[in-house]
Amino acid sequence: MLKVYIKELLELTRDKKTLIFTVLLPTLIMPLIMFGFITVAGKITKKAIDESLNYAIIGSQNYTEFSSVLDEQEKFKLVEVVDLAGAKEKINTGDIRFVLVIPENTQQRLNDGLSAEIELFYNDSATTSAVIFRRVERAIKSLKNELITARYTKLGLTQEQGEAINEPINLVKTSTADERESFGEKIGGFLPYILILIGLQGAMFPALDLGVGEKERGTLETLLLTPVSRFEIVIAKFLVIFTTSFVAVFLTLISFGLITSVFGPMMLADLGASGSTKINGLLDSLATISIGDVSLMFLMLIPIAAIFASLLLSVSIYARTFKEAQNYMSPIMILAIFPLILALLPGVKLDWMWASVPITNVALAIKEIFKGTIDMAMLGVIFVSTTIIAGALLALCNWWFQREQVLFRN
Amino acid sequence: MLEVKNLKKRFRLDSKTIKENKKKSREHIDPREEGHWFNAVRDVSFGCDSGQVLGLLGPNGAGKTTSLRMLSTALQPTDGQIVINGDDVIAHPLVMRQRIGFLSGTTSLYHRLTVRENVQYFGRLHGMNEDELERELTKVFDLLDIHSFADKKADSLSTGMKQRANIARTVIHQPEVIVLDEPTTGLDVISAKTILDFIESYKGSDVPVIFSTHHLHEVEKLCDRVALIDEGITKFNGSLDEFRALGNTGNLYDVFVNLVDEKEVA
């Protein structure tokens, strides 16, 4: 069995496709794509925040104070327009980013203690449009506060009393979750999603190569005629696929860790986010993820990799051709993704009900480990039940491999 | 010495064929199909002494490949007996595999391994120790003139080189019987000659060689014995001279045609 295992592994390491899917994709390509995406998205947002905004005001004479406030803002540049139609056209061509329309009675309504409605026109389909609204709001914030304070004074109220009118009961939120738990709840679900899919991807090509690939190339029959039992051949092939799947997951986790520690601080510095209390708190909480926690995550991924290896090898052995086997891969991907999506749904938490749903339970368990709130008894049950499923699938694969109708189906 | 006695093999028919057969009258159903079963090999017997070459003949679908797959232990017979030098192959397939060398036109090499790695791998799987393997490897590589491309990957070789490497893989463990299933099918003249020379080299040795073929000139050139299978039954089992004597012209083609149903030949 060991001879078959070593030979299969040696052959796979000489295959470019396996190296790409098992080593390059998880270690370099996936993390770089993710970090690249985050970096580009961050830079686009930063650029949108920093860029000079050309704008126009129609009816500025109706509330001069408002116009002056915007005029004083840095990176806001007033452009003359004739009317609203012309302004809208300029928005669509990109000459200006927004136009404000101040109605005639604005000043009067404010003087009377009423609220005034100023319309902001902008192109909502632009990728950075959300930033425009926030920047204008921020620009007029001090003016709004001045108006509110003046109204409180006119009514003979202190600032505190005035605020109490708006918020008679102030509900103060205090989370009992620490930074790690809170962060884990928000993004911890994506970690198993990525790891489990990488595990499946890492097993897929070797499974195709070692099953139907050998059938098509005519080497399987030769192997069957050696004094190695079919059980040993199945176990050796299973172990090779399991190894590649697990190596892909292992490399992904290591690579993410390394890239985060090397590129993460550079990226944050570039975006001007390093040093902030929130980021530092987050980094501190991430540092509390121990080697033990990471080992537990790996432990949970072992039976999952075994499930994929047995399932994919069974399918690959059954298929007549490489193409037929590839057709079976899409439903398997869906079967794997669906329980992972379940684990991402809001409100789905690890309890005894979800602990009985294969794959979903492992995804939720990894999330809980990430958050630092795992129930060890439940973890044990999930590990054992997933291992039993993996064992059953491996037994099925072995039974499948003993059948002449399957081996000589073509 | 190899003996094959009353070999039988049946496969379960797929549900579609069973359904279709139910609608047909008996005379329109393949005589080998019975209820849920397809009797691919109904009664095959032949034998071959050490140093002899037996040619297994028959039209397409006659049961040659199934018989040879049973002989090589890839398939488990439904009934019958296969004996190599007095030992039962069916009762101990795992052990007997060490004593059989099998090569067909479709079996191949691991193309990402070198020729040497391929041959070493199969030698090790057959339980050879490293010293024995190295000694035998040198001998076989000398015999087949493989040394010049021994360290090249299999996928970079010409068809002829691949065939020589395949032969080396087949005989590295010094089998007691060599089984070849249509080994020259699809090969060019030079590559086919390599195989035929290899078969010829065993004449007079202590190893019997069984090979199936459609090329009667190969039988004429190499075989001491002939077995002809049609519709899963042995129609002839005897020496080449006895086979030739069945016809008036001395032409093997005429004898073959006479023994096999005309519809099968067409």
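Student: How far apart do the C-alpha centres of domain 1 of chain A and domain 2 of chain A lie?

Tutor: They lie 53 Å apart. Domain 1 of chain A covers 2–33 + 179–407 and domain 2 covers 54–166, with bounds from an automatic or database domain assignment. Mind that this is a predicted model: local features need pLDDT of at least 70, side-chain atom pairs count only at pLDDT 80 or more, and totals for chains, interfaces and linings use all residues. Residues are numbered from 1 along each chain as its sequence is written, while chains are lettered from A and ligands numbered from 1 in the order in which they are written.

Student: What is the strand order in the open sheet of chain A?

Tutor: Strands of a sheet pair through backbone hydrogen bonds, either parallel or antiparallel. Here the 4 strands run β2-β1-β3-β4 in chain A, with mixed pairing; strands are DSSP E runs of at least two residues, helices H or I runs of at least four, numbered from the N terminus, and pairing takes at least two DSSP bridges. β2 (76–78) and β4 (119–122) of chain A each have a single partner strand, so one side of each lacks a neighbour in the sheet. Strand β3 (residues 98–101) of chain A pairs with β4(A) in the antiparallel sense over 4 bridges, and V99(A) sits opposite F121(A).

Student: Which residues of β7(B) are buried on each side?

Tutor: In a regular strand the side chains alternate between the two faces of the sheet. I100(B), F102(B) and S104(B) are buried on one side, G101(B) and L103(B) on the other. Buried means 20 or more other C-beta atoms within 10 Å of a residue's own, with C-beta atoms placed from the backbone. β7(B) runs parallel to strand β8 (residues 177–181) of chain B, joined by 5 bridges, and F102(B) has V179(B) as its bridge partner.

Student: At what angle do α16 and α17 of chain A pack?

Tutor: Two packed helices are described by the angle between their axes and the distance between the axes. α16 (residues 360–371) and α17 (residues 376–402) of chain A pack at about 145°, with axes 10 Å apart; axes are lines fitted to C-alpha atoms over the stretch in contact, and angles run from 0 to 180 degrees between N-to-C directions. N361(A), V362(A) and A365(A) of α16(A) meet L379(A), I382(A) and T386(A) of α17(A), contact being C-beta atoms, placed from the backbone, within 7 Å.

Technical notes
Two residues are in contact if their C-beta atoms, placed from the backbone, lie within 7 Å. A residue is buried if 20 or more other C-beta atoms lie within 10 Å of its own, exposed if 12 or fewer, and partly exposed in between; C-beta atoms are placed from the backbone.
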